[in-house]
There are 2 protein chains.
Amino acid sequence: MAGSRLTPSRPCRKMVAPIPSPFPSRSDPLPMDVTEKAQTAARGRRIRRENVERILKAAELVFAEAGCAGATMADIADKAGLPKANLHYYFGTKEDLYRAVLDNILRLWLDPLAGLDASADPATALTAYIRAKMDASRLRPNASKVFANEILHGASQIGEFLAEDLRRLVDRKAAVIEQWISEGRMAPVDPRQFFFMIWSMTQHYADFEVQVRTVLGRKKLTRDDFAHFTAEVVRMVLRAGGLAPPDDPVSCTGGVPGES
Amino acid sequence: MAGSRLTPSRPCRKMVAPIPSPFPSRSDPLPMDVTEKAQTAARGRRIRRENVERILKAAELVFAEAGCAGATMADIADKAGLPKANLHYYFGTKEDLYRAVLDNILRLWLDPLAGLDASADPATALTAYIRAKMDASRLRPNASKVFANEILHGASQIGEFLAEDLRRLVDRKAAVIEQWISEGRMAPVDPRQFFFMIWSMTQHYADFEVQVRTVLGRKKLTRDDFAHFTAEVVRMVLRAGGLAPPDDPVSCTGGVPGES
DNA sequence: GTCTATAGGTAGATAGAC
DNA sequence: GTCTATCTACCTATAGAC
């Protein structure tokens, strides 16, 4: 025990405990005996689920806006419309709540990448991946911001996720890129730098939204703005991977399954 | 007065005051009369300058690691090797210190971009710009992180900088890109999205350094790592701008003035 | 399960000796 | 100009009534 300042009540500076596991899945059988007790219990579970949802949603917003250290339980409670004590009742400590928010986000992060398949057409598969990432930036900007903030400040909570889950997945997907390159279907690139390019470009529109908006002179970014950004990102990334001629007209603006 | 929680002592959440001006330039003539008084004054000024430097350096580190809200004056004072009260003596409040750190960083940000010139060769000019940005990520990662953190959480301090200085500069430099495109020296791109690509890719190596390092399985990123990253970023960006054939060997690994 | 009231601890800021 | 000691405010967390 060295530091005296790194006490448990300074949660978001140098926390050590990693995220242990995905959310406790609540798959109780719901017996539905018609006793009063069972009805009360069922209602209780519904209330619990709704409250947990509201708290997580409010927490994601506040953590995104203020960072982990800057967020306060009182703020989150206000945004969730609940008394502060209830947050502690459901989540224990602020760190626990922060980890629960992060845990939700990690799934968002891995899923789109997991879809990359070597048997697919490179341009089509990469276009779909970029679209999924841009949709995430448009629809869940706060999730992206919380994730960015966590990495920016050392990833003390998700270090293990990065070193284990993400690294393994990237190893597998880098092999996909390498296969495409060796088959002559893509220009030579360092696969991991190629992924860094896609991640940084797509997440930029969520994490640096203020800068994007201000430089473009917009008050708010619309769905059309994002459609344009997405088309440009797709175009530039495909060119960078040797998958589109330098002078093509804007390609791949058409729909992709799952995007409305 | 609506909010009771947004008091002046919650500095890094919803501060309003923007950065007013660049640092007060200390261009006193230094009279050097050989009186005891003048000698004492000269020594005092030197000590002041040195202390200010040490505090700014320590503050940049702590703000980068912990974010604005998570940083504490006690931490900064420890890292600077000075008592906490001295920080307040030199900088007044924590916000003032934070703004001083940011102010230093904004110059780093504008200077490389300002060098982009329409009369230059596009590939050469863009390569130099990317190298300058990658050097900044390698040599001043904490500056990049403080900047990223400020944008991420709403840019309450540098909103005016973004809307005025940066926006004007980007307008001018977007015209350079457009001119290159209209002259057929570059593939068609949205110039501003093109800049967003360069910014996000290059700053990624500072801001997301932990993730880069972990995904690559490295304990520390070396100068050679950065040389490789830079070569890849240059290659991908040039291709994205239609400035390099898809199957070129790695280009532009040679030296550029100012890079050691 | 819900919520008010409060304990306990930390951090920003300053008074005042040197 | 420097630095110790301290004041004040805020924030996390919990006790305990309902």
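Which residues is B:Leu97 in contact with, leaving aside its neighbours within four places in sequence? The legends below describe a predicted model.

**View 1. B:Leu97 and its contacts in chain B.** Sequence neighbours within four places are left aside here. The largest nonpolar core has 159 residues. Within this core, A:Leu97 and B:Leu97 touch the most other members.

**View 2. Helices α8 and α9 of chain B.** Helix α8(B) covers residues 191-207, and helix α9(B) covers residues 209-216. Their axes come within 5 Å. The crossing angle is roughly 80°. Angles of 65 to 115 degrees count as roughly perpendicular, and α8(B) and α9(B) are therefore roughly perpendicular to each other.

**View 3. Residues at the contact of α8(B) with α9(B).** From α8(B) come B:His204, B:Tyr205, B:Ala206 and B:Asp207. They meet B:Glu209, B:Gln211 and B:Val212 of α9(B). Three of the contact residues are nonpolar, two are polar and two are charged.

**View 4. The axis relating chains A and B.** In chain B, B:Ala240 has the C-alpha nearest the axis, 2.3 Å from it.

**View 5. The interface between the copies.** Of the interface residues of chain B, 100% are also interface residues in chain A, so the copies meet through the same surface.

Terms used: Residues numbered from 1 in each chain as written. Chains lettered and ligands numbered in written order. Predicted model: local features only at pLDDT ≥ 70, side-chain atom pairs only at ≥ 80, totals over all residues. Heavy atoms only, no water. Axes fitted to C-alpha atoms, helices over the stretch in contact; angles between N-to-C directions. Helix = DSSP H or I, 4+ residues; strand = E, 2+ residues; numbered from the N terminus. Parallel < 35°, antiparallel > 145°, perpendicular 65-115°, else oblique. Contact = heavy atoms within 4.5 Å. Nonpolar A, V, L, I, M, F, W, Y, C, P; charged D, E, K, R; others polar. Least-squares fit on C-alpha atoms with pLDDT ≥ 70 in both. Core = buried A, V, L, I, M, F, W, Y, C linked by side-chain atoms within 4.5 Å. Buried < 20%, exposed > 50% of the residue type's maximum accessible area, 1.4 Å probe, protein only.
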